[in-house]
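Dear colleague,

Please read the notes with the model open beside them.

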Amino acid sequence: MAVHEKITIAKAINASLRASMEADPKVLVMGEDVGKLGGVFRVTDGLQKDFGEDRVIDTPLAESGIIGTAIGLALRGYRPVAEIQFDGFVFPAYDQIVTQLAKMHARALGKVKVPVVIRIPYGGGIGAVEHHSESPESLFAHVAGLKIVSPSNSSDAYWMLQQAIAGDDPVIYFEPKRRYHDKSRLDTESIPDPLHKARITRPGSDLTLVGYGPMVKVCEDVAKVAAEEGKSVEVVDLRSISPIDFDTVQSSVEKTGRLVVVHEAPVFFGSGAEIAARITERCFYHLEAPVLRVGGFHAPYPPSRLEDEYLPGLDRVLDAVDRALAY
């Protein structure tokens, strides 16, 4: 791979898994159809051929079993990377993740480490059927003992996954599936940002726009349109949902005085609520307007022909930006 090659997010994840497996023989990849098929999105394509069936394992269709087995492997010194094929399939494994994986380190008073990474393609925008377009990140961010991250570009997809695998804590790595084929530059020799550090992707002075995963592109498109209207919008890619880098967001809001948070998940009890509350506490005397949130509706994810109405898009985010700037 060229140092500055422009590749898709899907290929960057594949390259990241390959690099981690080459660096550490204890790294395993496991999940439904990850081996011979290479995953339903072909993200793990070629890994079983190169590393063998003992390290790239096609599992039964049993999410609870996948995570339970990954926990056992981690306790035996391995670093399993378990794939949940689609976001809506994770719930049979919720008990294993929340009552076992997240608690094991504390239960053992720090004597046990459980370095499990769970890859979950998430979000909508692919015209899928029920249970294939969910955004469950807040359900896991509420649980102490789990780290939650989501890349928005190829470089982060490559580096953040390797950082997650190399760490000793359980990490849920949410992959923005509708961005799998988006291309961006990957520098394989750069020094990556810390895993849980937010990044300003576009500087601005009038308003801070925060997003993560699939919504970062929407936020950047909004900032471009706003610039044509004479409004300067700063875009912050959160990158990590638990823990959240509140310091970077705070620094931006202290400069701009306004904040809009965007995510695909429902607004009700979503991650934007925590960000809004924390920034209101931290930046009360800097805010020129209430913190606004844009996200999915408090309703089941709709049939694919209606998903464009459900998902936050350019117009809905621009409307929030205009409302914040009107104060």
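On a 1 Å grid over the protein atoms alone, a cavity is a set of points where a 1.4 Å probe fits but cannot get out, whereas a pocket is an open set with protein on both sides within 12 Å along at least five of seven lines, and lining residues have an atom within 4 Å of a point. Grid points are joined across faces, edges and corners, and a volume is the space filled by probe spheres set on the points.

This is a predicted model, in which local features need pLDDT of at least 70 and side-chain atom pairs count only at pLDDT 80 or more, while totals for chains, interfaces and linings use all residues. Residues are numbered from 1 along each chain as its sequence is written, and side-chain values use heavy atoms, with hydrogens and water left out.

A search of the whole structure finds one cavity of 30 Å³ or more. The largest cavity holds about 30 Å³ of space, and its lining consists of Gly39, Val40, Phe41, Arg42, Val43, Glu83, Arg119, Pro121 and Tyr180. Five of these residues are nonpolar, one is polar and three are charged, where Ala, Val, Leu, Ile, Met, Phe, Trp, Tyr, Cys and Pro count as nonpolar, Asp, Glu, Lys and Arg as charged, and the others, Gly among them, as polar.

The largest pocket has a volume of about 780 Å³. Of its 32 lining residues, Ser138, Leu139, Phe269, Gly270 and Ser271 are the closest to its centre. By class, this lining has 19 nonpolar, eight polar and five charged residues, and at least three residues come from each of domain 1 (6-185) and domain 2 (199-326), with bounds from an automatic or database domain assignment.

The second largest pocket, with a volume of about 310 Å³, is lined by 23 residues, of which Ser152, Asn153, Asp156, Ser184 and Asp237 lie nearest its centre. Its lining has six nonpolar, seven polar and ten charged residues. Both domain 1 and domain 2 give residues to this lining, so the second largest pocket lies between them.

Helix H7 (154-166), strand E8 (183-187), strand E9 (199-202) and helix H8 (215-228) each supply at least two residues of that lining; helices (H or I, at least four residues) and strands (E, at least two) are DSSP runs, numbered from the N terminus.

Best wishes
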